Amino acid sequence: MNSYVTKKAGKYWPSKVMKKMAWVNSEKIYKDAAKNPVKFWGKLAQEGLTWEKPWESKNTYVQKLPYFWWFKGGKLNFCVNALDRHLDKNKTALIWVPEPVKEKIIKLTYRQLYDKVNKFANVLKKLGVKKGDRVAIYLPLIPEALISMLACTRIGAIHTVVFSAFSAEALKARIIDGDVRVLISADGYYRRGKKEDLSKKVSQAIKGTKIKKVVMVRRLSKKKNYSGKFTSFDKEVEKADSFCKPETMNSEDPLFILYTSGTTGKPKGVVHDTGGYATQAYYTTKWNFNLHEDDVMWCTADIGWITGHTYAFYGPLLTGNTTLIYEGAPDFPNPSRWWKIIEQNKVTVFYTAPTVIRMYMRFGDKYINKYKLKSLRILGTVGEPIDKEAWGWYFKKIGKSRCPILDTWWQTETGGTLINTLPGIGPFVPTIAGKSFPGTKHVILNKDKKQTKGKEVGFLVQLSPFAPGMLHGVWNNHKKYVETYWKKFKNKYDTSDGAYLDKGLIRITGRTDDVMKVAGHRLSTAELENAIDNHPSVNESAVVPVPDKIKGEIPIAFVVLEKGKPSQELEKQLKKQVDKEIGPTARPSKVFFVRNLPKTRSGKIMRRILKSILKQEEPKGVSTLVNPDSVEEIKKIVSQK
Ligand code: PRX
């Protein structure tokens, strides 16, 4: 059996086989790209994508900070790049594994997917969707999600996908912010053998919005007919014409909006454009995951997140490869499910989050040992730091010590991966992300905005020319865009992550703002606090993350009551309140009722102090508080639980 790694001087490097099959296998690429990043990306965009009209070379990169444009004036259609140009290959585009074990796996060739996308694009047009309109997609991981997204890109509509486990309120907020008129959803989906209903949430969410039509996929029931604003996905598709002319788009036209959490209570709509995003999605997929004709890539992320957009769907399709998606839970009907899927479908590239790796470690090796996983070549992780132990388990148990692990750092805002080791170059070092992708540059700055020395931890920032896949603003909110990304460091993109350099390689230390990563999901403390504060008994609250063995971090809430008494019932109600306003992924794992929150003289809640108390460390800076007594009281309450 081939081994794709070899050990030298205590580190893992690509083996000869890997070097030979890698699209990129020489360090030289970094230097060459750095000489002229604009030219480098221009060449890649030209070679990798199909353009209707090229851009003038002076417009390869145009910058007027805080905005910048790639391939300005170039014209293309995203869907043509993802589908039309691969039709001749007679190849499988999508493998869909439903959760119920008895249900059949569905495989769609590029041609079959193309037919469905064309028809659904015509449905959207019939419903009045035009170029530039926003379409919300609230679907589980089923083929219709991909069909809907691609159909939008075919007609130049901007899709905004909302995670199907988010609540009705969360969906509603996104519909309103995006001024959305058409919503695509489903009656539900399967999760751990149970039917999860979406219909009710959809009906609640559209109340008081401008939604005119809701196209519903029947996933759970075959019978239901729809009326009024609601219409059936299948019925509409049946009636639709089979060809839809792709809309010609400018490279800089928005392709999609994806809402993500920041430091304020309201999620922001990150806007991605067409040509730049496509270029980064194409090359990061091809070079990181080293995709060739016989590869099957499985990125386990849900389409509600950027990883699902770029690596479960768009990257593999832009490069003409096969992607696999799985509807359900990793441990259904037992914790062997994922490994069975890999063996059954000969998955070669597997990309997942550290939180699931840690969960599998806990299940025990008996669920994995009998699987040889011979098809695997490359493993990847994303979303949060991966510790040595989880890295080692992933390497040995899943990769069988044969496959490199790529620890990929990126964000919703960056559209595609930006810092990771390339499989043909190496080294693959636990806990280290690696180098900036060729043609991009990051530096680590200290408080004085000077580059850090040695292993000093500092702020990770990106330098101009900014990567092609980077966000193109925050939907309808220029101010937020400027304040979040461009205010702290002049003319540099602020990632809000901490990092340090280890022998020239970047190690990410985590967020420097009030954003948490709970089981890989990005949540802001302010968003949770807003939800809790909306309960009539609550006066104010503070949410802080604490480390957790499986989820990485979990949110803990401290609540000051306005009325009523602390009780288990109230704690339950507050958790429910978060479920209702955001979704169960954000539910605090514990609520402490306190009389006061530690505050500075200017009224700022000192979450840092709460964190120290939870970690049983001595809190620093208590003397600067306006109410130092609160600390002793909170310590007592926490120690009693
Ligand atoms: O803190 C970093 C962490 O995830 C944040 C971005 O979250 P999100 O927008 O949800 O996108 C996740 C998937 C791209 C980052 O600011 N993060 C992402 N990848 C890594 C990471 N932290 C450490 N190591 C990583 N590989």
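Colleague: Which residue does Thr381 stand opposite in strand 22?
Modeller: This is a predicted model, where local features need pLDDT of at least 70, side-chain atom pairs count only at pLDDT 80 or more, and totals for chains, interfaces and linings use all residues. Residues are numbered from 1 along each chain as its sequence is written, and side-chain values use heavy atoms, with hydrogens and water left out. Strand 21 (residues 378–382) and strand 22 run parallel, joined by four bridges; strands here are DSSP runs of E, at least two residues, helices are runs of H or I, at least four residues, and both are numbered from the N terminus. In strand 22, the residue opposite Thr381 is Asp407.

Colleague: Which strands are the edge strands of that open sheet of seven strands?
Modeller: The order is 7-6-19-18-20-21-22, with mixed pairing, and two strands pair if DSSP finds at least two bridges between them. From one strand to the next, the twist averages 20°, with axes fitted as lines to C-alpha atoms (for helices over the stretch in contact) and angles from 0 to 180 degrees between N-to-C directions. Pairing on one side only are strand 7 (106–109) and strand 22 (405–408).

Colleague: At about what angle does helix 12 run to strand 19?
Modeller: Helix 12 (residues 337–345) lies across strand 6 (92–97), strand 18 (296–299), strand 19 (322–326) and strand 20 (349–352). Its angle to strand 19 is about 150°.

Colleague: How far is the backbone N or O atom of Thr408 from a nitrogen atom of the ligand?
Modeller: The ligand has 17 residues around it, and Thr408 is listed among the closest, along with Asp407, Thr412, Asp497 and Arg522; a residue counts as near if one of its heavy atoms lies within 4 Å. An N or O atom in the side chain of Gln411 is 3.0 Å from a ligand oxygen, and a polar backbone atom of Glu384 is 3.4 Å from a ligand nitrogen. For Thr408, the distance from the backbone atom to a ligand nitrogen is 2.7 Å.

Colleague: Why is one side of strand 25 and of strand 28 left without a neighbour in the sheet?
Modeller: Four strands form this open, antiparallel sheet, in the order 25-26-27-28. Strand 25 (442–445) is joined to strand 26 (residues 458–462) by four bridges, and Ile444 has Leu460 as its bridge partner. Strand 25 and strand 28 (505–511) stand at the edges, so each has a single partner strand.

Colleague: At roughly what angle do the axes of helix 18 and helix 19 cross?
Modeller: The axes of helix 18 (residues 607–614) and helix 19 (residues 629–640) come within 10 Å. Ile609, Leu610, Ile613 and Leu614 of helix 18 make the contact (heavy atoms within 4.5 Å) with Val631, Ile634, Lys635 and Val638 of helix 19. The crossing angle is roughly 35°.

Conventions. Polar contact = N/O pair within 3.5 Å; in protein donor to acceptor, adjacent residues only side chain to side chain.
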